[in-house]
Amino acid sequence: MVVRIKNLVKRYGDLLALDHLSFSVNDGEIFGLLGPNGSGKTTAINCLLSLLEYDKGEIEIFGQPMAPDAYHIKREIGIVMQNVAVYNELTVRENIDYFCGLYVPDKKSRKELVDEAIDFVGLADFADFYPQKLSGGLLRRLNIACGIAHKPKLIIMDEPTVAVDPQSRNKILEGILALNRQGATVIYTSHYMEEVERICTRILIIDKGKPIATGTKEELKAMITMEEKITVETQQLTPEQLARLRALPHILSAEYQNGLLVVKSGRGGHNLETVLSFIRKEKIQCGKIYSELPTLNDVFLEITGKHLRD
Amino acid sequence: MPVFKLCLKILRKNVPSLAIYIFVFIGVAVIMTFSSVNEQAGTLAFTRSKTNIAFLTEENTPLVAGLKAELAKVANFVELPDEKEALQDALYFRNVSYILRVPKGFTEKFMQGEQVRLEKTTVPDSYSSAYLDLSIDQYLNLARLYLLHLENPTQEALAKHVADALAAEAEVKLLPGGAAPDMQLSANLYFNYLAYSLLSVIILGMSVLMLSYHNKDLQRRNACSPLSAASFNRQFGLAILTFTGLVWLLFIILCLLFNSKNIQSPSTVFFILNSLAFAVCSAGLSFLIGNLVTNAKAIPAICNVVTLGQSFISGVFVPAELLGDTVLKIAGFTPAYWFVAANNHLAGLQQFTRATLQPVFNGMLMQIGFALAFFALALVAAKKRRLE
């Protein structure tokens with residue numbers, strides 16, 4: 001086990017930021033910490049890194065208690081902060097070299113690591129640029145390079161893709177997968193469920209500092225009753241027809257708004273066939289029909305009653 | 001030492017803005033050097049000048065010829081018609097400064113030992129007329145002296161004796177006056193001006209470093225690294241000291257280069273020691289400002305207010321003698337005042353004993369006191385900032 005957090009409690013005055021939060025991260029995982037803004041993800045990471053004092057709980061990294069002076073543990077951790085933390089007076093290369101130099105004193109091996117990190121994040125063409133000259137996406141990549149250049153065993157990434165263009169986001173996510181393939185354990189926090197779904201092997205959903213659910217994405221989706229969401233474009237649906245549709249077996253809910261009929265159905269039935277048969281029988285004229293599997297947002301919605309981005 | 005190297009890189013990036021103050025210092029030093037050379041030329045050089053004179057004589061005797069010959073050494077003779085209006089015009093338009101008329105019978109009366117009088121018309125209160133009066137008196141007094149002591153002298157003999165006596169020249173070397181040598185005074189100028197340049201560069205450099213140091217995101221990122229806070233602070237402190245030392249050394253070298261004549265003077269050592277005390281004090285003040293400033297754009301403005309304000313009231317730009325008592329009393333609360341006061345005292349010293357140097361040591365101690373106060377306040381400000 002790489003990280004173990006037990007009953008972590010953190011208060012900001014009257015606000016309970018972390019409410020007995022517990023989780024563990026296994027070696028080789030990409031562990032996703034998913035929750036809406038203000039759910040306590042960054043607070044949890046700050047406590048984990050001993051940047052914040054906490055009121056109660058235990059934190060162990062690599063089997064040893066984490067503390068502000070646990071430098072031997074910090075040496076094995078790479079950190080990518082939510083806010084880009086680089087020096088504007090240094091070039092891309094100099095920034096990576098500085099942060100790598102905090103971990104690797106040897107100049108020769110550091111040079112190789114810096115070159116490798118620059119190639120890894122695709123900043124070779126910008127190595128001599130100053131940060132002010134970089135776009136938001138490139139700046140985020142530099143932030144990542146500064147965090148991973150020393151090849152840490154554990155990488156903690158706190159919302160590394162905030163305000164990043166799709167191309168850079170894709171590059172960053174591919175990079176995280178590559179780092180994981182190279183053997184690094186990754187803790188990844190985000191409020192973008194698509195990212196977490198795409199790269200994380202295990203996910204913890206938190207809200208208001210409390211753990212809501214944990215497991216692989218399949219396990220999380222299996223926790224909820226909904227199996228399928230069917231959307232039908234139609235301009236003619238009477239309230240009576242909608243009531244009859246809701247009464248069908250395995251239909252959890254049916255809503256009609258702005259020419260869209262959204263039907264959520266539970267497990268065990270031939271849901272799409274049931275809905276299509278109903279449409280034919282009622283002679284409802286319709287346009288496109290979509291069928292979607294549940295997302296993590298649906299999981300969050302079903303458990304908390306609100307959307308992830310509320 | 002990654003943090004130490006980082007600080008030096010940050011400072012190197014800011015060299016252009018720091019260099020402005022260094023070039024300003026060099027510019028002022030060059031101007032001071034030239035003006036000092038011109039001043040010295042004005043003080044030490046001597047050029048004999050001649051006054052325009054209209055010499056009108058109603059008799060031509062060897063004695064009068066001798067007087068004219070003697071006056072030729074200090075006067076240019078301007079030929080004018082012996083008409084009242086022409087003479088008055090010449091005097092009014094300053095074509096001549098002095099009109100001398102030798103009346104008829106002058107020589108005869110003189111040779112008989114009678115009281116004689118030359119007629120003169122001059123520009124009122126002019127130094128040149130006084131100068132000519134002296135020359136005429138000198139000639140006639142000397143002639144009378146020979147007349148009294150020689151036996152039956154002829155006019156020719158009298159004129160010759162006087163001419164011989166006045167031909168003897170004594171070499172005159174004009175020494176600079178005042179209590180202290182001029183080179184010490186010029187060193188004083190350089191070192192006084194150092195207060196502005198040194199303080200500006202140190203405040204600017206230090207503030208840039210402190211802004212990076214206090215950047216919350218970078219602080220948190222550095223705190224995640226295996227480098228201990230103590231090691232981080234040690235390297236940062238070393239960088240600050242190195243920067244202060246290098247800037248001080250650079251300015252001292254410039255001061256000595258521009259004022260190379262004073263290097264061997266015993267005052268130089270004390271000027272340098274005083275500037276070192278001021279550099280330490282500047283580092284303290286910069287450290288305090290760096291802990292108070294949160295916006296990079298505010299740094300140049302604060303730097304200007306602190307350095308220019310202090311320099312103006314402490315006698316860096318305007319000599320302290322020209323400043324009012326109230327201004328100087330207020331200036332006493334700034335380190336630059338004590339730095340300048342010590343420099344000014346040093347400039348006036350000819351003997352370097354413990355007693356004569358005591359005011360200089362007092363000035364240095366005051367500056368060190370200021371430095372300690374600034375560092376203490378800066379640490380309080382830093383702690384307050386951390387708690388926020």
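Colleague: Which residue in S5(A) does Ile61(A) stand opposite?

Modeller: Strands here are DSSP runs of E with at least two residues, helices are runs of H or I with at least four residues, and both are numbered from the N terminus. Strand S4 (residues 56-61) of chain A is joined to strand S5 (residues 64-65) by 2 bridges, running antiparallel. In that pairing, the residue opposite Ile61(A) is Gln64(A).

Colleague: Before we go on, what are the ground rules for this model?

Modeller: It's a predicted model, where local features need pLDDT of at least 70 and side-chain atom pairs count only at pLDDT 80 or more, while totals for chains, interfaces and linings use all residues. Residues are numbered from 1 along each chain as its sequence is written, chains are lettered from A and ligands numbered from 1 in the order in which they are written, and side-chain values use heavy atoms, leaving out hydrogens and water.

Colleague: Which residue in the turn between S4(A) and S5(A) has a positive phi?

Modeller: The two strands make a hairpin with 2 residues between them. A phi of about 55° turns up there, and it belongs to Phe62(A).

Colleague: What is the bridge partner of Val3(A) in S4(A)?

Modeller: Two strands pair if DSSP finds at least two bridges between them. Strand S1 (residues 3-12) of chain A pairs with S4(A) over 5 bridges, in the antiparallel sense. Val3(A) has as its partner Ile61(A).

Colleague: Which are the edge strands of the open sheet of 6 strands?

Modeller: The order is S6-S7-S8-S3-S9-S10 in chain A, with mixed pairing. Each edge strand pairs on one side only, and they are S6 (77-80) and S10 (210-215).

Colleague: Which residue in S9(A) is opposite Leu34(A)?

Modeller: Strand S3 (residues 30-34) and strand S9 (residues 202-207) of chain A run parallel, joined by 4 bridges. Leu34(A) stands opposite Ile205(A).

Colleague: Which helix packs on that sheet?

Modeller: Look for the one touching S3, S9 and S10 of chain A, touching meaning heavy atoms within 4.5 Å. Its direction makes about 40° with that of S9(A), using lines fitted to C-alpha atoms (for helices, over the stretch in contact) and angles from 0 to 180 degrees between N-to-C directions. That's residues 296-304 of chain A, helix H11.

Colleague: How much of chain A is buried?

Modeller: Buried means under 20% relative accessible area, exposed over 50%, partly exposed in between, with a 1.4 Å probe and protein chains only. Of the 310 residues in chain A, the buried share is 51%.
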